[in-house]
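Work through the exercises below with the sequence and the model open. Each task is followed by a solution in steps.

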Amino acid sequence: MEKFEPVLETKQVLQHPLVFDRKENKLKKLWNVFKKDKLAVMGLFIILVAAAVSLLAPIIAPYDPNISNGSKRLLGIGTAGHILGVDEQGRDILSRLIWGGRTSLLTAVVPITCMFSLSLILGLLAGYWGGKTGEVIMRLLDVLFSFPTVLLAIVVSAIMGAGVLTIMVSCCLTMLPYMTRVVYTSTVTEKTKEYIEAAKILGANKLQIAFKEILPNVVSDLIVYSTSLIGVAMVLGAGLSFLGLGVQPPTADWGKMTSDGMKVLTLGAPHVATIPGLIILIVATAFNWLGDGLRDLFDPHKRTQ
């Protein structure tokens, strides 16, 4: 009887792609792909630094952000004891930037996070079930689409009063239609694919198909889009505070700091407005870079390049 010879040698088996995939850590593989995008890595680094500095504000802020000193008004950048200068009320700008990050990041991240789950549910209902349910959901969202952001914020402010909660509610109402539309479009595309038909043949009901088959394939699109919207929400929150509809004094906030600094631009103190404005620009851009990196990460065509 002839001795059976294996088709693949041991070395060949170990190098087989399927075996390699089982052994390699998936998170490590994703990170190896992600880190190729230098801008995305830079964006992640900036976001982590901004979040860490904001969380550690009570420890690292050199001064109380709300204590003013009239004798030190409008001191410039590099002043002894005040690296970034002092604002029009004699408050340390660096301390207010550190504390203001808490408010600015909170009012951007929380609304997007809250709307994430709701937009998934609404998008799946409208996209997969369709019919009258889908029509009602999408028409209601179209109503929100029709309102300009600032006008919607003014209405919310008139009902609730200016404050942090006003910014959050305004961001929720503004971003929900866009996020739901992304889920709806992805769901309509996915439900016509062959694996959905296979699931139906195997006896899966609508709920199983929606949440076990379609959901995993549309959630990545929403993650990418939501990340980029955080930057938009931060700019929106800053704009509302700039208009006096958001954060109220003396609470530190990047948008409010920019608004207050505009009043002293002609007094030879441009740094009071430009520094918080630049911080908003940098952090918002970082979220956009991160969103672009995640888009490439979840794109199988990009991963194979």
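Buried means under 20% relative accessible area, exposed over 50%, and partly exposed in between, with a 1.4 Å probe and protein chains only. The model is predicted: local features need pLDDT of at least 70, side-chain atom pairs count only at pLDDT 80 or more, and totals for chains, interfaces and linings use all residues. Residues are numbered from 1 along each chain as its sequence is written, and side-chain values use heavy atoms, with hydrogens and water left out.

**Exercise 1.** Determine how α6 is oriented to α7 and to α4.

Solution. 
- Step 1: Axes are lines fitted to C-alpha atoms over the stretch in contact, and angles run from 0 to 180 degrees between N-to-C directions.
- Step 2: Helix α6 (residues 93-129) packs on helix α7 (residues 131-145) at about 135°, the axes being 7 Å apart. This makes α6 oblique to α7. Angles under 35 degrees count as roughly parallel, over 145 as roughly antiparallel, 65 to 115 as roughly perpendicular and the rest as oblique.
- Step 3: Helix α4 (residues 38-55) packs on α6 at about 115°, with axes 8 Å apart. The two are therefore roughly perpendicular.

**Exercise 2.** Which side chain does R139 meet in a salt bridge, and how accessible are the two partners?

Solution. 
- Step 1: A salt bridge needs a side-chain nitrogen of Lys or Arg within 4 Å of a carboxyl oxygen of Asp or Glu.
- Step 2: R139 meets E135 at 2.8 Å, N to O.
- Step 3: Both lie in helix α7, 4 residues apart, about one turn of the helix.
- Step 4: R139 has a relative accessible area of 40% and is partly exposed; E135, with 46%, is partly exposed.
- Step 5: For contrast, R91 and D87 form a salt bridge with the closest N and O atoms 2.9 Å apart, and both of these residues are buried.
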